[in-house]
Amino acid sequence: MTIEYTGRLDDETVFDTSRQSVAEETGLVEAQPDREYAPLTVDIGDEQVIEGLEEGLIGLEAGQTETLTIPPEKAYGEPSEDNIQEFETDALREMLGGQTPEEGSYLEAENGSQGEVVHVDEEVVRVDFNPGLAGETLTFEVDIIDVN
């Protein structure tokens, strides 16, 4: 099925959308200049989108508009201490070509996941690999464009 969508947090912040106009209004275009805003085609059962969104789309028909509220356990889960990794400062500095990471910066792991540097001292660097939307309840306004 093909959908247009806008995803919001509890405080009404738009964190994602398929609509160019919404992206321009909310500053997402500046934040993600390389992103293309276009309707999304979802194959139900392929786990291309979060579980709660996929479940909410089942049974909807072309032309329908639906608001789906998705709790963290059906979205990006709750933040977990297990997703915070510690690195020896010297070893990490060597991996980064002699640079010391700063708190608030982001690192990419070998598996492609991004982590935020949350602590740096002489001995250890802690990197939080929890998804940015972990712990959040997400609301999606969805318009069904086409069902195939």
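1. Let's start with Glu12, which counts as exposed at 56% relative accessibility. (Buried means under 20% relative accessible area, exposed over 50%, and partly exposed in between, with a 1.4 Å probe and protein chains only.) Glu12 sits in the loop between β1 (2-8) and β2. Its phi is positive, about 75°, although Glu12 is not a glycine. From C-alpha to C-alpha, Glu12 and Ala23 are 14 Å apart in space and 11 residues apart in sequence.

2. A word on what you are looking at: this is a predicted model, where local features need pLDDT of at least 70, side-chain atom pairs count only at pLDDT 80 or more, and totals for chains, interfaces and linings use all residues. Residues are numbered from 1 along each chain as its sequence is written, and side-chain values use heavy atoms, with hydrogens and water left out.

3. How many salt bridges does a search of the whole structure find? There are eight. Here a salt bridge is a side-chain nitrogen of Lys or Arg within 4 Å of a carboxyl oxygen of Asp or Glu.

4. Next, please look at Asp16 and Arg35, a salt bridge whose closest N and O atoms are 2.8 Å apart. Asp16 belongs to strand β2 (residues 14-17) and Arg35 to the loop between α2 (28-31) and β3 (40-41), so this pair ties together parts that are 19 residues apart in sequence. Arg35 counts as partly exposed, at 29% relative accessibility.

5. Glu51 and Lys74 make another salt bridge, with 3.4 Å between the closest N and O atoms. Because Glu51 lies in helix α3 (residues 51-57) and Lys74 in the loop between β4 (65-70) and β5 (84-88), the pair ties together parts that are 23 residues apart in sequence. Both ends are partly exposed: Glu51 has a relative accessible area of 42%, and Lys74 has one of 28%.

6. Glu47 lies in the loop between β3 and α3, and it counts as exposed at 69% relative accessibility.

7. Now for the whole chain. Its secondary structure comes to four helices and nine strands, where helices (H or I, at least four residues) and strands (E, at least two) are DSSP runs numbered from the N terminus. Along the sequence the pattern reads β-β-α-α-β-α-β-β-α-β-β-β-β. The radius of gyration is 19 Å, well over the 15 Å that the globule rule gives for 148 residues, so the chain is more spread out than a compact globule. (The radius is taken over C-alpha atoms, and the globule rule is 2.2 Å times the number of residues to the power 0.38.) The C-alpha trace spans about 60 × 30 × 30 Å along its principal axes.

8. Finally, burial and contacts. Buried residues make up 31% of the 148 residues in the protein chain. Among contacts (heavy atoms within 4.5 Å) between residues at least 6 apart in sequence, 56% join residues at least 24 apart.
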